[in-house]
Amino acid sequence: RKKQLLDSSGESGTAGILGKSSKGCFCDQKSVYIKYKHEGDFMPTVDINWIAIVAAVVVNMVVGAIWYSKALFAKDWAKLVGKKMDEMGDGAKSYVITTAGAFVQAFVLLHFVTYAAYFYPDYTDVSVGLLTATWIWLGFVAIPQGVNTVFAGGRKKLWGINTGYFLVVLLANGVLLSVWK
């Protein structure tokens, strides 16, 4: 997972994308040619572990079943969206869409944790999974949902319930997919 850097004189060293190499030069796109150990590819090859993907889908569904159960947030969620408990979901169609979404989410998350592990080789797999999941949640779940909540006049508690679910799922699956290669 280490990156090999070659400066314009052909000297090599290791470094991050932007920063000082072990040779002491500042590395930017003009002065450094970045060559990765993966046969010159810009990004690492992602080996798809389909069993881990399916396990992540199961985690997503189990967390959802627990999170939106009567024991946790189902009553509050139903009240906040103006529905009765028996009106939650649309039967089998809801579960098919949720399962398909969980599959795509796990597939994409596997790519992100693979790339993060490649660029941060000194981090443990668990750290890579947790950090990647946290950044994905913050940038692509929490903030967009927060903006939607503010402009739609939604309730903060509903935002917390919905985005909290995704945080738990992303953290659990980030670790699972990072560790189970």
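This is a predicted model: local features need pLDDT of at least 70, side-chain atom pairs count only at pLDDT 80 or more; totals for chains, interfaces and linings use all residues.

Along the sequence, the pattern reads β-β-β-β-β-α-α-α-α-α. The protein has 181 residues, and buried ones make up 30% of them. Of the contacts with a separation of 6 or more, 65% are between residues 24 or more positions apart.

Now the helix packing. How do the axes of H1 and H5 cross? H1 covers residues 50-67 and H5 covers residues 156-179; their axes come within 10 Å and cross at roughly 150°. Anything over 145 degrees counts as roughly antiparallel, so H1 is roughly antiparallel to H5. The crossing of H1 past H5 is right-handed. On the H1 side, the residues in contact include Ala52, Ala56, Val59, Asn60 and Trp67, and on the H5 side they include Gly164, Tyr165, Val168, Asn173 and Leu177. Sorted by class, this contact has 14 nonpolar residues, 4 polar ones and no charged ones.

Is Asn173 buried or exposed? Asn173 sits in helix H5 and has a relative accessible area of 2%. Buried means under 20%, so Asn173 is buried. Leaving aside residues up to four places away in sequence, Asn173 touches Ala56, Val59, Asn60 and Leu109.

Next, H1 against H3. The axes of these two helices are 9 Å apart, and the packing angle is about 130°. H1 and H3 are therefore oblique to each other. Their crossing is right-handed. Among the H1 residues in this contact are Trp50, Ile53, Val57, Asn60 and Met61; H3 contributes, among others, Tyr95, Thr98, Phe103, Gln105 and Leu110. The class count for H1 with H3 is 11 nonpolar, 4 polar and no charged residues.

Leu109, Phe112, Val113, Ala116 and Ala117 of H3 meet Val128, Gly129, Thr132 and Ile136 of H4. By class that gives 7 nonpolar, 2 polar and no charged residues.

That brings us to the nonpolar cores. As background, nonpolar side chains in soluble globular proteins tend to be buried together. Which residues have the most contacts inside the largest nonpolar core? They are Leu109, Leu110, Val113, Leu170, Leu176 and Leu177, in a core of 20 residues. The elements that each give two or more residues to this core are H1, H3 (92-119), H4 (125-152) and H5. As for Leu110, its contacts beyond four places in sequence are Val46, Asp47, Ile48, Asn49, Ile53 and Leu177.

Definitions and conventions. Residues are numbered from 1 along each chain as its sequence is written. Side-chain values use heavy atoms; hydrogens and water are left out. Axes are lines fitted to C-alpha atoms, for helices over the stretch in contact, and angles run from 0 to 180 degrees between N-to-C directions. Helices (H or I, at least four residues) and strands (E, at least two) are DSSP runs, numbered from the N terminus. Angles under 35 degrees count as roughly parallel, over 145 as roughly antiparallel, 65 to 115 as roughly perpendicular and the rest as oblique. A crossing is left-handed if the near helix is turned anticlockwise from the far one by less than a right angle, and right-handed if clockwise. Contact means heavy atoms within 4.5 Å. Ala, Val, Leu, Ile, Met, Phe, Trp, Tyr, Cys and Pro count as nonpolar, Asp, Glu, Lys and Arg as charged, and the others, Gly among them, as polar. A nonpolar core is a set of buried Ala, Val, Leu, Ile, Met, Phe, Trp, Tyr and Cys residues joined through side-chain atoms within 4.5 Å. Buried means under 20% relative accessible area, exposed over 50%, partly exposed in between (1.4 Å probe, protein chains only).
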